[in-house]
Amino acid sequence: MTGIWIIARITFQEAVRKKLLGMALAAGAAFLILFATAVHFQAAGFQERHVPLFLQRQIFSAMQMVGMYAINFLIVAMTVLTSVDTISGEIASGTVQAIAMKPIDRWQLMTGKWLGFCGMLTAYALVMIAGVNLVSAGMLGTSARHLPVAFALMWMESMLLLSTTLCLSVSFSTLTTGVLVLGLHGLAFLGGWIEQAGSLTDTPKAVLAGVAASLVMPSEALWRRAAFEMQSPLATAINVSPFSGASVPSSSMIVYAALYTCVALGLAVHRLNARDL
Amino acid sequence: MQSLISAAQTQDATAAAGGIDPADLAISTKSLRKVFRDKVAVRGLTLDVRRGEVFGFLGPNGAGKSTSVKMLLGLVKPTLGSARLLGKPIGDREARRRVGFLPEHFRFYDWLTSEELLRVHGQLCGLRGDELARRIPRMLDTVGLTPHAGKQLRDYSKGMLQRIGLAQALIHQPDLIILDEPTSGLDPVGRRLVRDIIRRQKERGATVFLNSHLLSEVEVTCDRVAFIRAGTVIEIREVKEFERSYRNVVARVGRLAENALHELEAWGTEVRLKGSYLSMRLHAAEFAPRVVQYLVEHGVEVYEFTPQRITLEDRFLEIVSGDEGL
């Protein structure tokens, strides 16, 4: 087990020492400042125009969702961009040879890498999600609903993409892996919108196509469920939201996503075990 | 009865290893073969390396040396055949704990300092606490990098990377050290340092498996060498044999009749006369006096007679000839 923690530690350390985490947090801070500025001016504008409190709350809730949507995008980008080179790059450069011949099993190597990225991405997601909600709570006295559940779902999305990236990077080059993972996420994103549109227009075949896309890559389904959990009661009641609303991913889809993550990680270990280095 | 069977099995195993007890072997391979899709990289490597010796592994580019080394280390899976490292099957974790490896082009995370790199590798090999803390500065000193201990690897030259690679291979005092082109990128001072390190490791009782193109280095450091071509061992020889192998002779002669050349073939091959220079390769170094005697007895004027040593390089080139390499 020690080998796993050595690899996990060095993977986390790499993100810190290469200033990856620092730069991502700096960019995140810039985003939070922009978000806070927008909330401040919006609140001041509402006060000037005496907008009814109920309407203010709905608009602030929508703004908060936009903020969380942007955070979700940043987490997805951070997940794929930081992990895409770790296995394929080390295989191509030969760095992995000096590690893999040590008394450490390959599953430990893969698991260690996964845990290192998991730690780094969890810290990033925590800081960013907490940041948006602290800004909302501090300036508006409100934060997203069901935040722990939403955080868990967004974290799951990141872990799913991480496992998929590691799995593909064992067999493909860095560039190909990046294109494949982002392509799959893009497919899921488009599938999500097709599902929403199909549900709103009562077109079951379109909904089915969207669900099929989510089965190929369930990352976007996790975000849509997180958005559903966070949205205001009114948005839930009238079933209209740009992020979820009309068609909400079921609990079965969440379980499927969790299984997908495990299978992707298992495959990553299996492929690393089987391949020549 | 059981002990009789066991004794018989031991004898069989000893016989199979060419008179060497398998327990005395650091590396033992049998018909090790690797095929990448339609390309045969290693045809059938059969090799025994004794514990405590420095063993050279020589062959032209594309001969399958690196693939063989990777198979020994468990980095590449053999298509066929078997191998044992320090008595354990290849890939065994306990065996790997006792092996140090320097890849041909050592690369590691360039954001680490050399101290941090040695700490990571030491920890991966099971070293902890004070022992690891003691060994790191000692290893840095051994490879001459103490003044650069705090530098990140990205600031290292190729030679310095090779030195720190050597240090990570030795940090846990392995019983078997596999060095793939250790002097690659090193200046003469660095090459001398590697030679000294190999000598010290041998004195410590470690086995060194050296894959190198620098034949002069191999000749100085190795006890035995294997010549490999197209993934097969062509020949294994003691390096000392080369020191004794005065089998080529060149003589400056006068009045040598053409028909005498044919008779000289009784003691050697490649008998040639170019101007006044006679050259031939003797079947054995001991035939040199007989050739001189024959020449003198047959009225040939002998002005010079110079036995020449067959060097490792000569033998290497002989083996390589006909192989275009890759």
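Q: In what order do four strands of chain B form an open sheet, and how do they pair?
A: The order is β12-β13-β11-β14 of chain B, and the pairing is antiparallel. Strands here are DSSP runs of E with at least two residues, helices are runs of H or I with at least four, and both are numbered from the N terminus. This is a predicted model, in which local features need pLDDT of at least 70, side-chain atom pairs count only at pLDDT 80 or more, and totals for chains, interfaces and linings use all residues. Residues are numbered from 1 along each chain as its sequence is written, while chains are lettered from A and ligands numbered from 1 in the order in which they are written.

Q: What joins strand β1 (residues 25–36) of chain B to strand β2 (residues 39–50) of chain B?
A: Eight bridges join these antiparallel strands, and Thr29(B) stands opposite Leu47(B) in β2(B). β1(B) and β2(B) form a hairpin with two residues between them, and Arg37(B) in the turn has a positive phi of about 50°. β1(B) is also joined by five bridges to strand β4 (residues 80–85) of chain B, again running antiparallel. In β4(B), Leu80(B) is the bridge partner of Arg33(B).

Q: Why are α8(A) and α9(A) described by a term for their direction, and which term is it?
A: Helix α8 (residues 174–200) and helix α9 (residues 204–216) of chain A pack at an angle of about 155°, with their axes 7 Å apart. Angles under 35 degrees count as roughly parallel, over 145 as roughly antiparallel, 65 to 115 as roughly perpendicular and the rest as oblique. The two helices are therefore roughly antiparallel to each other. By class, their contact has 12 nonpolar, six polar and one charged residues; Ala, Val, Leu, Ile, Met, Phe, Trp, Tyr, Cys and Pro count as nonpolar, Asp, Glu, Lys and Arg as charged, and the others, Gly among them, as polar.

Q: Which term applies to α10(A) and α12(A), and why?
A: Helix α10 (residues 219–230) and helix α12 (residues 251–274) of chain A pack at an angle of about 135°, with their axes 10 Å apart. They are therefore oblique to each other. Ala221(A), Leu222(A) and Arg225(A) in α10(A) meet Met253(A), Ile254(A) and Ala257(A) in α12(A). That contact has five nonpolar, no polar and one charged residues.

Q: How many residues of chain A and of chain B are in contact?
A: The contact involves 19 residues of chain A and 22 residues of chain B, where two residues are in contact if their C-beta atoms, placed from the backbone, lie within 7 Å. On the side of chain A, the elements that give two or more residues are α1 (2–17) and α5 (95–100). This side has nine nonpolar, five polar and five charged residues.

Note on methods:
Axes are lines fitted to C-alpha atoms, for helices over the stretch in contact, and angles run from 0 to 180 degrees between N-to-C directions. Two strands pair if DSSP finds at least two bridges between them.
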